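Please read them with the structure open.

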Amino acid sequence: QVQLVESGGGLVQAGGSLRLSCAASGRAFGSLLGGWFRQAPGKEREFVAAISWNGVFRYYSDSVKGRFSISRDNAKTTVYLQMNSLKPEDTAVYYCAASQKVDYSGDIYRKHTWYDYWGQGTQVTVSS
């Protein structure tokens, strides 16, 4: 089992920055793919970013590419999401996720149903 705990959310003005952290405990976190999703009120949970176990491969949704950056520190069993140039439409609850599956070809990592573990979420609110 893996437990994930997000932190770093809050209220920020448009154009500002936040860094989310996802601290993991439990089984070997270093072997898991890590991801971030978000869900705004009345909308489905959407993919934001993912990072391979070794940090070599990083994937982003088109809506955040160039503004957000995902990283990880396996020694600290933590995945980060640096969010810059925030927009009001980035307002959502952000969830950290992890998957123990080794085959993530075909962009399967963009589907929230593919992940095995989830955090409780952290609210990000961007004011205009």
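1. A residue is called buried when its relative accessible area is under 20% and exposed when that area is over 50%. By this criterion Phe-37 and Phe-47 are both buried. The model is a predicted one.

2. Phe-37 and Phe-47 also pair with each other, in an edge-to-face arrangement. Their ring centres are 5.7 Å apart, with 75 degrees between the planes. Phe-37 belongs to strand E4 (residues 33–39) and Phe-47 to strand E5 (residues 46–51), so this contact ties together parts that are 10 residues apart in sequence.

3. Trp-114 and Tyr-115 make another edge-to-face pair. Here the distance is 5.2 Å centre to centre, and the planes stand at 90 degrees. Trp-114 has a relative accessibility of 8% and therefore counts as buried. Tyr-115, at 6%, counts as buried too.

4. How many aromatic pairs does the structure hold? There are eight. As for grouping, one aromatic cluster is formed by Phe-37, Phe-47, Tyr-59, Tyr-95, Tyr-109, Trp-114, Tyr-115 and Trp-118. Both pairs described above therefore have their members in this cluster, Phe-37 with Phe-47 and Trp-114 with Tyr-115.

5. The charged end of Arg-45 is placed over the ring of Trp-118, at 4.8 Å from the ring centre. Over the ring of Trp-114 sits the charged end of Lys-101, 5.7 Å from the centre.

Methods:
Residues numbered from 1 in each chain as written. Predicted model: local features only at pLDDT ≥ 70, side-chain atom pairs only at ≥ 80, totals over all residues. Heavy atoms only, no water. Phe/Tyr/Trp six-rings, centres within 6.5 Å; stacked < 30°, edge-to-face > 60°. Helix = DSSP H or I, 4+ residues; strand = E, 2+ residues; numbered from the N terminus. Buried < 20%, exposed > 50% of the residue type's maximum accessible area, 1.4 Å probe, protein only. Lys NZ or Arg CZ within 6 Å of the ring centre and 35° of its normal.
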